[in-house]
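Notebook open, model loaded. I want to go through the pocket, the metal site and the charged pairs, in that order.

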Amino acid sequence: MSKYKILMLSMLIVGIFLFDIVKADNGSLYGKCIYLDPGHGGLDPGATYAGVKEEDINLEIAFKLKGELESKGAVVYLTREGDYDLAPKGSKQRKRDDLYRRSVLINNSGCDMYLSLHLNATTSTSWTGAQVFYDDINDMNIKLAEILQKQLRTDLKTTRKYKEVTNGYLYKRVKVPGVLVEMGFLSNPGERSRLKTDNYQRLIAKSIAKGIEVYFKKY
Ligand SMILES: [Zn+2]
């Protein structure tokens with residue numbers, strides 16, 4: 001073999017080796033597609049307490065979570081990126097049409113996972129903590145719920161347990177594996193003020209992203 005051929009061959013081998021390193025460096029979620037669904041928007045602000053609207057915080061955390069997931073190499077889509085709903089103009093049943101369109105978007109995306117992001121509220125002001133809900137339409141949903149809840153319990157010091165949801169219009173229709181995350185209670189004054197801060201929102205986003213990493217590593 002000529003010196004030239006040996007040189008070319010060694011360059012090729014080094015090239016393949018480097019390509020593998022670059023590929024491995026693309027992040028733990030490289031090749032994964034995740035659809036984020038920030039709840040409410042438009043005419044429906046969701047839970048509202050002391051001027052704090054659920055729709056706004058859902059979206060703010062969704063953007064932070066998108067950043068976290070993209071930094072790990074995932075492709076991320078959002079069902080909404082502003083204060084609007086997805087129902088068509090003149091719709092007579094806005095809420096239902098909005099949720100239907102969200103389900104169609106997610107089902108047609110070819111994504112590996114979806115997450116609906118919401119905030120909780122109840123008549124008792126003492127309830128706090130993030131909680132994951134799943135529908136059993138898909139066998140993977142309960143597995144994802146378990147992993148995410150465990151991660152949220154660790155990172156946010158909550159004692160809540162994941163739970164099955166049986167009456168969710170949206171969750172019955174989405175075939176892609178996914179869950180609903182109620183990220184905290186707006187009805188609790190302390191949690192409400194935390195949920196408004198950048199730091200706490202980032203903590204939630206990082207925790208969910210970590211949970212997603214654990215899930216994809218396992219399944
Ligand atoms: Zn909600």
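**Pocket.** I started with the largest pocket and counted 15 lining residues, with Leu99, His118, Gly168, Tyr171 and Leu180 nearest its centre. This is a predicted model, so I keep that in mind throughout. The space in that pocket comes to about 240 Å³.

**Zinc.** Next I asked which atoms coordinate the zinc ion. I found His40 through NE2, Glu54 through OE and His118 through ND1, at 2.1 to 2.2 Å. His118 also turned up in my pocket list, among the residues nearest the centre. I wrote the donor spacing down as H-x13-E-x63-H. Histidine 40 sits in the loop between strand S1 (33–38) and strand S2 (48–49), and glutamate 54 is in helix H2 (residues 54–71), so this pair ties together parts 14 residues apart in sequence.

Buried or exposed, I wondered about glutamate 54? Glutamate 54 is buried, at 2% relative accessible area. Histidine 40 has 13% relative accessibility, so I log it as buried too, the cut-off being under 20%.

**Salt bridges.** My count here is twelve. I looked at aspartate 37 and arginine 102, whose closest N and O atoms are 2.8 Å apart. That pair links distant parts of the chain, strand S1 and helix H3, 65 residues apart. Both aspartate 37 and arginine 102 are buried. I also noted that Asp37 and Arg102 belong to a salt-bridge network with Asp98.

Then I moved to helix H2, where glutamate 70 and lysine 66 lie four residues apart, about one turn. Their side chains meet in a salt bridge at 2.9 Å, N to O. I have glutamate 70 down as partly exposed, at 37% relative accessibility.

Glutamate 68 pairs with lysine 206, with 3.2 Å between the closest N and O atoms. This one runs from helix H2 to helix H7 (residues 198–218), 138 residues apart.

**Surface.** I also looked up a nonpolar patch made of Tyr4, Leu7, Met8 and Met11, with about 460 Å² of accessible area together. Methionine 11 is in helix H1 (residues 3–24) and is exposed, at 53% relative accessible area.

**Overall.** Last, the whole protein: I get seven helices and eight strands, and 47% of the 219 residues are buried. The C-alpha atoms fill a box of roughly 80 × 40 × 30 Å along the principal axes.

Definitions and conventions:
Residues numbered from 1 in each chain as written. Predicted model: local features only at pLDDT ≥ 70, side-chain atom pairs only at ≥ 80, totals over all residues. Heavy atoms only, no water. Patch = residues over 30% accessible without salt bridge, like charges linked within 9 Å, V, L, I, M, F, W, Y side chains within 5 Å. Areas by Shrake-Rupley, 256 points an atom, 1.4 Å probe, with all protein chains shown as cover. Salt bridge = Lys/Arg side-chain N within 4 Å of Asp/Glu carboxyl O. Helix = DSSP H or I, 4+ residues; strand = E, 2+ residues; numbered from the N terminus. Buried < 20%, exposed > 50% of the residue type's maximum accessible area, 1.4 Å probe, protein only. Donors = N, O, S within 2.8 Å, 3.2 Å for Na, K, Ca; no water. 1 Å grid on protein atoms, 1.4 Å probe; cavity = no way out; pocket = protein on both sides within 12 Å on 5 of 7 lines; lining within 4 Å. Points joined across faces, edges and corners; volume = space filled by probe spheres on them.
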